[in-house]
Amino acid sequence: MVLKSAPSTQTVRKLLERSLSISNRFWVNHFTAQDVPVGWRKSGALCYARAVSLNASGRYSAGTHHLRFDPELGLVFEREES
């Protein structure tokens with residue numbers, strides 16, 4: 001698995017091509033609280049990155065906050081109203 005072992009140069013390139021930066025405060029705090037994947041810690045290109053696994057419908061949830069990948073809009077931040 002790419003998260004547990006050091007990725008090849010080709011894999012790093014593919015991961016970077018599929019990466020994005022976010023500035024939403026909730027999500028930045030959420031992801032920086034997680035550990036960097038073990039295999040990425042010695043990679044200068046990935047040592048500050050975090051992995052997000054979307055479910056089959058392209059979503060990731062943390063409590064009432066949700067990320068959704070939309071083919072037209074890209075990454076969409078959603079939050080349930082309380």
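The model, which is predicted, contains an open sheet of 3 strands in the order 1-2-3, with antiparallel pairing. Its edges are formed by strand 1 (59-62) and strand 3 (74-79), each of which pairs on one side only. From one strand to the next, the twist averages 20°.

Strand 2 (residues 65-70) is joined to strand 3 in the antiparallel sense over 6 bridges. Within this pairing, D70 stands opposite G74 of strand 3.

## Helix packing on the sheet

Helix 2 (residues 25-32) packs on the sheet and touches strand 1, strand 2 and strand 3. The direction of helix 2 makes about 85° with that of strand 1.

## Nonpolar surface patch

A nonpolar patch on the surface is formed by V52, L54 and F69, which together have about 250 Å² of accessible area. F69 belongs to strand 2. Its relative accessible area is 45%, so F69 is classed as partly exposed, a class that lies between the limits of 20% and 50%.

## Helix 1 and E17

E17 is located in helix 1 (residues 9-17). This residue counts as exposed because its relative accessibility of 60% is over the 50% cut-off.

E17 and S53 are 36 residues apart along the chain, and their C-alpha atoms are separated by 16 Å.

How values were computed: Residues numbered from 1 in each chain as written. Predicted model: local features only at pLDDT ≥ 70, side-chain atom pairs only at ≥ 80, totals over all residues. Heavy atoms only, no water. Pairing = 2+ DSSP bridges. Helix = DSSP H or I, 4+ residues; strand = E, 2+ residues; numbered from the N terminus. Axes fitted to C-alpha atoms, helices over the stretch in contact; angles between N-to-C directions. Contact = heavy atoms within 4.5 Å. Patch = residues over 30% accessible without salt bridge, like charges linked within 9 Å, V, L, I, M, F, W, Y side chains within 5 Å. Areas by Shrake-Rupley, 256 points an atom, 1.4 Å probe, with all protein chains shown as cover. Salt bridge = Lys/Arg side-chain N within 4 Å of Asp/Glu carboxyl O. Buried < 20%, exposed > 50% of the residue type's maximum accessible area, 1.4 Å probe, protein only.
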